[in-house]
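Dear colleague,

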Amino acid sequence: MRYSYFVCAVFFLLTAHVQGAPLPPNQLPMYGGLEKIEKLREADAAFLAAVDKSAYSRSQTAQNVVQAGWTALQKGDMTTAIKRFNQAWLLDPENGNAYYGFALVAAQRDRAMPQAEKFFRLAISKKTVAVVAYVDYGRFLWSQNRLDESLEQLQKSLQISPKAFNARSNIAFVYYKKGDFKKSCEWAKGARENHDQLEPGFLEDMCARAKSR
């Protein structure tokens with residue numbers, strides 16, 4: 001049996017962005033790194049002014065905006081997702097989850113893997129980033145057949161949070177790709193105990209292969 005992989009990697013499930021007219025700056029990660037047009041700068045200034053008048057700090061608001069971005073991403077609404085991640089980045093450039101969002105958009109919408117990796121690295125360089133960013137970065141790396149680097153990031157996720165969701169299932173899959181079925185079996189057992197996502201039959205198959213060696 002050859003596994004396509006069992007974890008629901010959101011950036012591999014959605015359809016690639018169809019090349020056409022250039023996207024506007026607010027639909028590009030970090031506004032495309034380009035100088036903003038006057039109307040967009042005015043809109044950002046008004047947005048920041050409104051936040052500063054609210055009961056929440058910019059960093060608190062950034063967290064809420066990022067969550068809105070995740071919700072849009074799960075619905076497949078890339079346009080709204082990237083706008084929310086850009087707003088979060090504008091509010092708090094130290095919010096690692098904004099860069100994590102950029103990484104997912106770059107990977108799933110644009111299929112721009114070098115750009116996605118750049119944003120993954122920026123994300124995990126920040127103090128405020130969800131542990132799942134390390135897990136998804138590890139998943140991203142094994143998708144590029146960089147297995148040892150993948151293991152490094154997945155192990156980091158477990159150092160940060162011993163119960164990191166899907167870290168063990170990803171590690172089990174990396175060892176499957178490396179042909180180490182004994183370790184794959186062991187990690188798959190841990191994944192099941194941690195209630196990670198496993199493809200049906202994967203654990204049994206890895207353990208059977210380990211015994212036959």
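What span should the 12 residues of α6 have at 1.5 Å a residue, and how far apart are its end C-alpha atoms? The model is a predicted one, and in it the end C-alpha atoms of α6 are 17 Å apart, which agrees with the 16 Å that its 12 residues should span. The buried residues of this helix are Met113, Ala116, Glu117, Phe119, Phe120, Ala123 and Ile124. They lie on the same side of α6, because the arc they cover around the axis is only 165 degrees.

Just after α3, Gly76 adopts a positive phi of about 80 degrees.

In soluble globular proteins, nonpolar side chains tend to be buried together. Here the largest nonpolar core has 38 residues, and those with the most contacts inside it are Trp70, Leu73, Phe85, Tyr100, Phe102, Phe120 and Phe140. Two or more residues of this core come from each of α2 (38–52), α3, α4, α5, α6 and α7. The element that gives the most is α5, with nine residues. Leaving aside neighbours within four places in sequence, Tyr100 is in contact with Trp70, Phe120, Ala123, Val132, Ala133 and Asp136.

The charged pairs deserve a separate account. Side chains of opposite charge can pair when their charged atoms come close.

Asp136, already named as a contact of Tyr100, forms a salt bridge with Arg139, with the closest N and O atoms 1.9 Å apart. The two residues are separated by about one helical turn, because they are three residues apart in helix α7. Asp136 counts as buried, at 7% relative accessibility, and Arg139 also counts as buried, at 3%.

Glu117, one of the buried residues of α6, meets Arg146 in a salt bridge of 2.7 Å, N to O. Glu117 lies in helix α6 and Arg146 in the loop between α7 and α8 (147–160), so the pair ties together parts that are 29 residues apart in sequence. The relative accessibility of Glu117 is 12%, which counts as buried, whereas that of Arg146 is 23%, which counts as partly exposed. Both residues also belong to a network of salt bridges that links Glu117, Arg121, Arg146 and Glu149.

Lys126 forms a salt bridge with Glu94, and the closest N and O atoms of this pair are 3.3 Å apart. The pair links distant parts of the chain, 32 residues apart: Lys126 is in the loop between α6 (113–124) and α7 (132–143), and Glu94 is in the loop between α4 (78–91) and α5 (96–108). Lys126 counts as buried at 16% relative accessibility, while Glu94, at 47%, counts as partly exposed.

With kind regards

Definitions and conventions
Residues numbered from 1 in each chain as written. Predicted model: local features only at pLDDT ≥ 70, side-chain atom pairs only at ≥ 80, totals over all residues. Heavy atoms only, no water. Salt bridge = Lys/Arg side-chain N within 4 Å of Asp/Glu carboxyl O. Helix = DSSP H or I, 4+ residues; strand = E, 2+ residues; numbered from the N terminus. Buried < 20%, exposed > 50% of the residue type's maximum accessible area, 1.4 Å probe, protein only. Expected span 1.5 Å × (residues − 1). Arc of directions from axis to C-beta. Core = buried A, V, L, I, M, F, W, Y, C linked by side-chain atoms within 4.5 Å. Contact = heavy atoms within 4.5 Å.
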